[in-house]
Amino acid sequence: MAKKKVIKRKTSTKPTSKRSARKKTVTKKTVKSTKPQGKQRLQKVLAAAGIDSRRNCEELILDGAVRVNRDIVDELPAFVDPQKDVITVNGKRIKFADKVYFLLNKPKGVICTNSDPQGRKKAIDLIDCDQRIFCVGRLDIDTIGAIVLTNDSELTNRLTHPKFELSKTYEVKLKGRIDGDAIEKLKKGVWLSEGKTEKSAVKVIRRSHTESVLQIVIRQGLNRQVRRIMARVGFKVKSLKRTMIGNINIKGMRIGQYKKLTISQVNYLKKITSK
Ligand code: URA
């Protein structure tokens, strides 16, 4: 059987802080590399408690900031039972925050990542919430409309997994009059650098000589997919709005407005990703 990889931080000759010097005197937990039943990956548990992203939680673990039942765990993989184990980060016991779910009508000029070196406005900043939330998937900076934000990393991972292919409905305004030929191509899928896109449902809302407005429903979530498929059939996008995620829509919501998802909407998202 192939040996599982254990990730360890390289030990430097010089301790970088008092904490890393102190670390040497305490017990270190033995790391098992196969996932025991009923246990979860430590970084996943930390992320679910709102500490940071999974990636950054891995860093915290490797830095020796995390203890499980008083023992430092600084190797990966590491598995814990969040119900039984006492987990601390920098000496503070982690707490599991209540799950929150919001639907935002994202304005233009707002980004969907949680950190931005350019200091642009972030979707998370538009929501008054004490929990560490993040966007489920992405809308590009110029696109407006429906985006879900939550602290539920489990649901986020499932909703963004290609396997579930949740439908997303967009209203797209194009420069010029789109013809039947181009619409057929969009329906069948077009070639992008990632391969041929899946079929989509396309409806003309209105069109004139100068402008066309389409409704398009796609299930894939390629980067800037709508703009790129429109460019592929020769049309420039004047504006793009996501009106629905699955059956959850932003009808009646002002741009920049957000609301909590109802229990039935949350259950709907959980149900469609449970198969
Ligand atoms: N397609 C795009 O081009 N942009 C988005 O934000 C979403 C889908």
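## The shell around the ligand

Helix H6 (residues 225-232) gives the most to the shell around the ligand, with three residues; helices (H or I, at least four residues) and strands (E, at least two) are DSSP runs, numbered from the N terminus. The structure is a predicted model, in which local features need pLDDT of at least 70, side-chain atom pairs count only at pLDDT 80 or more, and totals for chains, interfaces and linings use all residues. Residues are numbered from 1 along each chain as its sequence is written.

Surrounding the ligand are Leu-139, Asp-140, Thr-143, Arg-224, Gln-225, Val-226, Arg-227 and Leu-240, where a residue is near a molecule if its C-beta atom, placed from the backbone, lies within 6 Å of it. Domain 2 (101-162 + 249-272) and domain 3 (168-245) each provide at least three residues of this shell; the domain bounds come from an automatic or database domain assignment.

## Overall composition

The protein has seven helices and 21 strands. Of its 275 residues, 27% count as buried. A residue is buried if 20 or more other C-beta atoms lie within 10 Å of its own, exposed if 12 or fewer, and partly exposed in between, with C-beta atoms placed from the backbone.

S9 runs antiparallel to S13, joined to it by six bridges, and Phe-102 has Leu-149 as its bridge partner in S13. S9 also pairs in the antiparallel sense with strand S21 (residues 258-260), over three bridges; here Leu-103 stands opposite Lys-259. Two strands pair if DSSP finds at least two bridges between them.

## The nonpolar cores

The largest nonpolar core has 23 residues, of which Ala-123, Ile-147, Val-148 and Leu-149 touch the most other members. Such a core is a set of buried Ala, Val, Leu, Ile, Met, Phe, Trp, Tyr and Cys residues joined through C-beta atoms within 7 Å. At least two residues of this core come from each of strands S9 (101-106), S10 (110-111), S12 (134-135) and S13 (144-150). Apart from it lies another core, of 16 residues, including Ala-48, Ala-65, Val-73 and Phe-79.

## Lys-44

Lys-44 belongs to helix H2 (residues 42-48). Lys-44 is partly exposed because 18 other C-beta atoms lie within 10 Å. Lys-44 and Glu-154 are 110 residues apart in sequence and 8.8 Å apart in space, C-alpha to C-alpha.
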